[in-house]
Amino acid sequence: MLRFIVQFLVTCLALWLAAQVVPGVGFTDTPSLLLAAILLGMANAIVRPILTVVTFPLTIITFGLFLLVVNAAVIGLVAMLLGGFVVDGLKAGIGAAIVTGIVSWIAGWFIGDGKRAD
């Protein structure tokens, strides 16, 4: 349970940072940010794996760079579902995907994967 809370907080931080850094990404209020983090976590668990499998040939051809487009599409889907979260176009979505990916990577580096090396 603690791992889900930490992941939620990391996602909130990543989305907040994306809204500060990337033009075209924004929130109307704090509850929208929190709800966007929850919806993004659910979309990453359900929709993203399906999109990743469907777009696998493009991912191979582009040496994995198409996954940025997939991540941007998932973030855009969350923005479509949530009125208080705005992503203005593909460029802003890719920027948000890059920022959230970097923040998640750094947080994972500090937190670890939850497995102990005994």
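This is a predicted model: local features need pLDDT of at least 70, side-chain atom pairs count only at pLDDT 80 or more; totals for chains, interfaces and linings use all residues.
Reader: Where does phenylalanine 63 lie, and what is the value of its phi?

Author: Phenylalanine 63 belongs to the loop between helix 3 (56–61) and helix 4. Most residues other than glycine have a negative phi. Phenylalanine 63, a residue other than glycine, instead has a positive phi, with a value near 55°.

Reader: What pattern do the helices and strands follow along the sequence?

Author: The chain has five helices and two strands. Read along the sequence, these elements follow the pattern α-β-α-α-α-β-α.

Reader: How does the radius of gyration of the chain stand against the globule rule, and what is its value?

Author: For 118 residues the globule rule gives 13 Å, and the chain comes close to that figure, so it is as compact as a globular protein of that length. Along the principal axes, the C-alpha atoms fill a box of roughly 45 × 40 × 25 Å. The radius of gyration itself is 14 Å.

Reader: Among contacts between residues at least 6 apart in sequence, what share joins residues at least 24 apart?

Author: Buried residues make up 32% of the 118 residues in the chain. As for the contacts between residues at least 6 apart in sequence, the share that joins residues at least 24 apart is 65%.

Reader: At what angle do the axes of helix 4 and helix 5 cross?

Author: The two elements concerned are helix 4 (residues 66–81) and helix 5 (residues 90–111), whose axes come within 8 Å. Angles of 65 to 115 degrees count as roughly perpendicular, and helix 4 is roughly perpendicular to helix 5. Their axes cross at roughly 105°.

Reader: Which residues of helix 5 meet helix 4, and how many of the residues in that contact are charged?

Author: From helix 4, the contact is made by Leu68, Val69, Asn71, Ala72 and Ile75, and these meet Leu90, Gly93, Ile94, Ala96, Ala97, Ile98 and Thr100 in helix 5. The residues of this contact divide into nine nonpolar and three polar, while the number of charged ones is none.

Reader: Which elements do the buried residues of helix 5 pack against?

Author: The buried residues of helix 5 are Ala92, Gly93, Gly95, Ala96, Ala97, Val99, Thr100, Val103 and Ala107. The elements against which these buried residues pack are helix 1 (2–21), strand 1 (25–27), helix 4 and strand 2 (85–87).

Reader: Which residues does threonine 100 touch, not counting residues up to four places away in sequence?

Author: Threonine 100 lies in helix 5, and its relative accessible area of 12% makes it buried, as this class takes values under 20%. When residues up to four places away in sequence are not counted, threonine 100 touches Ala14, Leu15 and Ile75.

Reader: Which residues of helix 1 are buried?

Author: Helix 1 has 20 residues and reaches 28 Å from its first C-alpha to its last, close to the 28 Å expected at 1.5 Å a residue. What covers its buried residues includes strand 1, helix 2 (30–54), strand 2 and helix 5. The buried residues of helix 1 are Val10, Thr11, Cys12, Ala14, Leu15, Ala18 and Ala19.

Reader: How far does helix 5 reach from its first C-alpha to its last?

Author: Helix 5 has 22 residues, for which 32 Å is expected at 1.5 Å a residue. Just after helix 5, glycine 112 takes a positive phi of about 95°.

Reader: What distance separates the C-alpha atoms of tryptophan 109 and aspartate 88?

Author: Tryptophan 109 lies in helix 5 and counts as exposed, at 64% relative accessibility. Tryptophan 109 and aspartate 88 are 21 residues apart along the chain, and their C-alpha atoms are separated by 30 Å.

Reader: What distance separates the C-alpha atoms of glycine 89 and alanine 72?

Author: Glycine 89 lies in the loop between strand 2 and helix 5, and with a relative accessible area of 42% it is partly exposed. Glycine 89 and alanine 72 are 17 residues apart along the chain, and the separation of their C-alpha atoms is 9.3 Å.

Key. Residues are numbered from 1 along each chain as its sequence is written. Side-chain values use heavy atoms; hydrogens and water are left out. Axes are lines fitted to C-alpha atoms, for helices over the stretch in contact, and angles run from 0 to 180 degrees between N-to-C directions. Helices (H or I, at least four residues) and strands (E, at least two) are DSSP runs, numbered from the N terminus. Angles under 35 degrees count as roughly parallel, over 145 as roughly antiparallel, 65 to 115 as roughly perpendicular and the rest as oblique. Contact means heavy atoms within 4.5 Å. Ala, Val, Leu, Ile, Met, Phe, Trp, Tyr, Cys and Pro count as nonpolar, Asp, Glu, Lys and Arg as charged, and the others, Gly among them, as polar. The expected span of a helix is 1.5 Å times one less than its number of residues. Buried means under 20% relative accessible area, exposed over 50%, partly exposed in between (1.4 Å probe, protein chains only). The radius of gyration is taken over C-alpha atoms; the globule rule is 2.2 Å times the number of residues to the power 0.38.
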